[in-house]
Amino acid sequence: MNVALPIVSLPAQAEGTPADEVRPRGPVADARHHLEVDRVWKSYTSGVHVVRDVSFSLAQGEFLTLLGPSGSGKTSTLMMVAGFEAPSRGAIRVDGRDVAQLPPERRNFGVVFQGYALFPHMTVLENVAFPLRMKSVGGAARRRAAMDMLDKVGLAEFAARRPRELSGGQQQRVALARALVFEPDALLLDEPLGALDRKLREALQIEIKQIQRRVGVSILFVTHDQDEAMMMSDRVAVMQDGRIVQLGAPDEVYLHPETPFVAGFLGETNLLRGQCVGQQGGCAVVRFADGVTGPARLSRGGARPGVGAAVLASIRPERIGLLARDAAADCVVEGVVADRVFLGRHTRLVVQALGRTLVVSAAEPPAAGVARGAVVRLGWSREDAQILNEGGDATG
Amino acid sequence: MARRDAVGRLALYGACAPVLAFLLLPSLVIVPMALTKGQMIQFPPIWISVHSFTDYLGDPQWFDSTVLSFQVAALAVAIGCVTGSAAAVALHGRRFPGKGLVTGAIMAPIVVPLVVFALGGYLVFARLHMVGGWVAIGLLHGMLVTPYVFISVQTSLQAALNPLLVRSARSLGAGRLSVLRHVVWPAIRPGVLAGGVLGFAVSFDEVVVALFLQGPQTVTLPVRMFTAIQFELTPKVAASASLFLALSVLVLLAQGVAMRRRGAA
């Protein structure tokens, strides 16, 4: 019984890979709980569409994040999966069964909200036992299951406390335990960390990941914080104006954004205009300002720009290298350093080049000797310049 | 500075004391008058006897009126708590056209002048041949209690019922009834209690409705006091008034204790 792991103190790697975790799922352990959101719309009679044609699926044990600014439809999508809002069109399936018409209490999702929404008049144990009570699990079995789950989140000794007597982190663990105890098909987390300060946030992010690995549950997570999304997710769906504009692994979405919005939303980037002058493998050859020419990666789904077409490329500041005098790169640019800020882990250079400013994030050793006014050679590889699709059909 | 503070404070107390005395004396003067030896209600009283209390409780008419008042108040509170809480829960967090109108209708009994309300009630119950029965008074008092419970339940809903609690409960498998029982009820319980206690006080000393709807067998305690003070000036009036006073002090104390306990928890 007493195998409770002190979660907070555990290093992230001590858990083993998620795949060989034992899943406490009884006889249905090997069934793939598969959540599928299929061409879902949410429209109001006023003609406003808050969710447009959203489709994604969540595999067993996967951590998928809906990432977007407020008003992008991410929370509405989650609420439709949870059953608090009805989709105007489309299907929501669990293991092939459409649940879109079921009320929330007849779906099988554990939902965790911002602030955790623990029942203030119940003890921690009663909170965790609540869903089992609603499913008419008998007193003794209920207690045992709730205690087991509290044990798993390391809170067994707090069973008799009231929620308000716990710290924010402990409350989160109670909320997770309560959402997990009835073996839901997936956990739905609606900005659970939205109101917290940065330090606590980071600690709780790690905790959520650890609990997920231990229990092996699938998670659908909603946030507007791109760092949080990248740190926690197996896949990220970036949402804008009710649509998923890009869905992929965090590094994929970050390094190879498909639209200017995705490029900008996930972090700082340099957007360079140019003209397509040819194609080469999966790349377009682009002529930027000042006659500088270099290859840039084409997006997988996007249209191929023809020769002569205007294109827009995104290059992350940390992907632009400071080149030694004789070093080569796929694309090389010369510029003058206009500003230099030391930021500890890296140094941020603002370089006047290509008739504009480029932001470069460089490690200190190469950047150390660079002063304001110095002439530098910058370079990047074909993989790091990404051609963007501008506004869907605009690329032609 | 400290000296100016002290002077200012003294001036403040000096100004407040007469106001407090003015507010409290009319209530407190009742008690010595009930303790008179004489057969008339008079001031100053002739010290000191409790005969007016024993007379009051020994007189079957006065005793019946007291029981009747409790009966009426109990019915009124029962009705008011059910309707007031139901209305508050139903309207909580909902938006629809005409919500203001519905709220207005619920509040009407304490906004409409009491004589108008009582006269209307009289006409309706006369038609139904219910004038002179305690149930009619209880029903009308129930309407008077409803807004009080409504307001206090509304307040506790706003304070204690996070809409996310309801959503959480639903996602954890609770149907609408279970949500009412396990989430809404614990949140509104203090409001229902407070509204009920206040409503009891409202019904217990209500005169206008009780006067309009009185019958030979249904004279509530305040109505009996009202008529007694006009015709016989008996100190029983002061004795029963002291009972009222004791009741309301008890209620105030109970509320104070409850508040402190909630504050500490």
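Biologist: How many helices and strands does chain B have?

Modeller: Chain B has twelve helices and zero strands. Helices (H or I, at least four residues) and strands (E, at least two) are DSSP runs, numbered from the N terminus. This is a predicted model, where local features need pLDDT of at least 70, side-chain atom pairs count only at pLDDT 80 or more, and totals for chains, interfaces and linings use all residues. Residues are numbered from 1 along each chain as its sequence is written, while chains are lettered from A and ligands numbered from 1 in the order in which they are written.

Biologist: What makes a residue of chain B buried, and what percentage of the 265 residues is buried?

Modeller: A residue is buried if 20 or more other C-beta atoms lie within 10 Å of its own, exposed if 12 or fewer, and partly exposed in between, with C-beta atoms placed from the backbone. In chain B, 37% of the 265 residues are buried.

Biologist: Happy with that! Now chain A: why are β1 and β2 called paired strands?

Modeller: Two strands pair if DSSP finds at least two bridges between them. Six bridges join β1 (residues 35–43) of chain A to β2(A), so the two strands pair, and they run antiparallel. Within this pairing, A:V40 stands opposite A:V54 in β2(A).

Biologist: What makes β2 and β5 of chain A edge strands?

Modeller: The open sheet of four strands has the order β2-β1-β4-β5 in chain A, with antiparallel pairing. Both β2 (49–58) and β5 (97–98) of chain A pair on one side only, which makes them the edge strands.
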